[in-house]
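Have a look at the fold, then read on.

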Amino acid sequence: MKKYQWYSDHWGEPTRDDRRLFLLLTIGVFQAGLSWKAAAGKKEVFLKNFCEMDVRQVAAFFPDDIDRIAHDPEMIRNPRKIKAVVQNARAIVKLLEEYDSFADYLWDFVGGVPVVKQYELAEEVGNTLPEATVIAKDMKKRGFSFVGPVVTCMFLKAAGIFQDQVLSAE
């Protein structure tokens, strides 16, 4: 099985698991400028380097932790993206002062129910949505990094919060 197969097999499945959401967000951060296969294929490397996606542990990283990760030959070694993951963990920890979970924060935007967007043709499906742009702005305001409209939209689609439904069979 290909290293990214888990991602495509579970794409769009609604999740309320904070570690899974943090992993999907991390893949979104690293996917910027790369293919989704390249980023999703690094799941095991991300789990290893980011404490099995434990936000509290990652939020406590120091600069030497970022350097250590950046020197892992299996890692996508972009220091800005590694720092963004740490910053996002810190933003999630801060969110937990206001919400019971990262999932509660995200699902609150859609009333706890996935938003299904219907399209006639697959070509009509975009990589951003107005609702995702609103969430991206709120995430940025709360200290998240690398969460532009496209990264945020694709992250929310991967997490099943937004779902695309193509009506034609072609």
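## The core

A word on terms before we start: two residues touch, or are in contact, when they have heavy atoms within 4.5 Å of each other. Keep in mind too that this is a predicted model.

The largest nonpolar core takes in 56 residues. Those with the most contacts inside it are Phe30, Phe50, Phe102, Leu106, Met139, Phe144 and Phe155. Take Leu106: leaving out residues up to four places away in sequence, Leu106 touches Leu21, Ile135, Phe155, Leu156 and Ile161.

## Helix H10 and its cover

Two of those partners of Leu106, Phe155 and Leu156, are also among the buried residues of H10. That helix spans residues 149-158 and is mostly covered, with seven of its ten residues buried. Besides Phe155 and Leu156, the buried set holds Val151, Thr152, Cys153, Lys157 and Ala158.

What does the covering? The list includes helices H1 (5-10), H2 (18-31), H8 (102-108) and H9 (130-141), along with strand E2 (162-166). After H10 comes Gly160, with a positive phi near 80°.

## Where H9 crosses H10

How do H9 and H10 cross? Their axes come within 8 Å, at an angle of roughly 110°. Angles of 65 to 115 degrees count as roughly perpendicular, so that's the label for H9 against H10. On the H9 side, the contact uses Ala132, Thr133, Ile135, Ala136 and Met139, while H10 brings Pro149, Thr152, Cys153, Phe155 and Leu156. By type, the residues of this contact split into eight nonpolar, two polar and no charged.

## Two loops worth a look

Thr15 sits in the loop between H1 and H2. Is Thr15 buried or exposed? Its relative accessibility is 9%, so Thr15 counts as buried. Setting aside neighbours within four places in sequence, Thr15 is in contact with Arg20, Leu21, Leu24, Trp107 and Ala159.

The other loop runs between helix H4 (43-49) and helix H5 (55-59), and Cys51 is found there. Cys51 isn't a glycine, yet has a positive phi of about 50°. Glu52 lies in that loop between H4 and H5 too, and again a non-glycine has a positive phi, this time about 55°. With 47% relative accessibility, Glu52 counts as partly exposed.

## A record annotation

An unreviewed UniProt entry places a "transmembrane region" at residues 21-39. In the model, the chain over residues 21-39 is 79% helix and 0% strand, and its end C-alpha atoms are 15 Å apart.

Notes:
Residues numbered from 1 in each chain as written. Predicted model: local features only at pLDDT ≥ 70, side-chain atom pairs only at ≥ 80, totals over all residues. Heavy atoms only, no water. Core = buried A, V, L, I, M, F, W, Y, C linked by side-chain atoms within 4.5 Å. Buried < 20%, exposed > 50% of the residue type's maximum accessible area, 1.4 Å probe, protein only. Helix = DSSP H or I, 4+ residues; strand = E, 2+ residues; numbered from the N terminus. UniProt positions renumbered as here; feature names shortened; annotations may be inferred. Axes fitted to C-alpha atoms, helices over the stretch in contact; angles between N-to-C directions. Parallel < 35°, antiparallel > 145°, perpendicular 65-115°, else oblique. Nonpolar A, V, L, I, M, F, W, Y, C, P; charged D, E, K, R; others polar.
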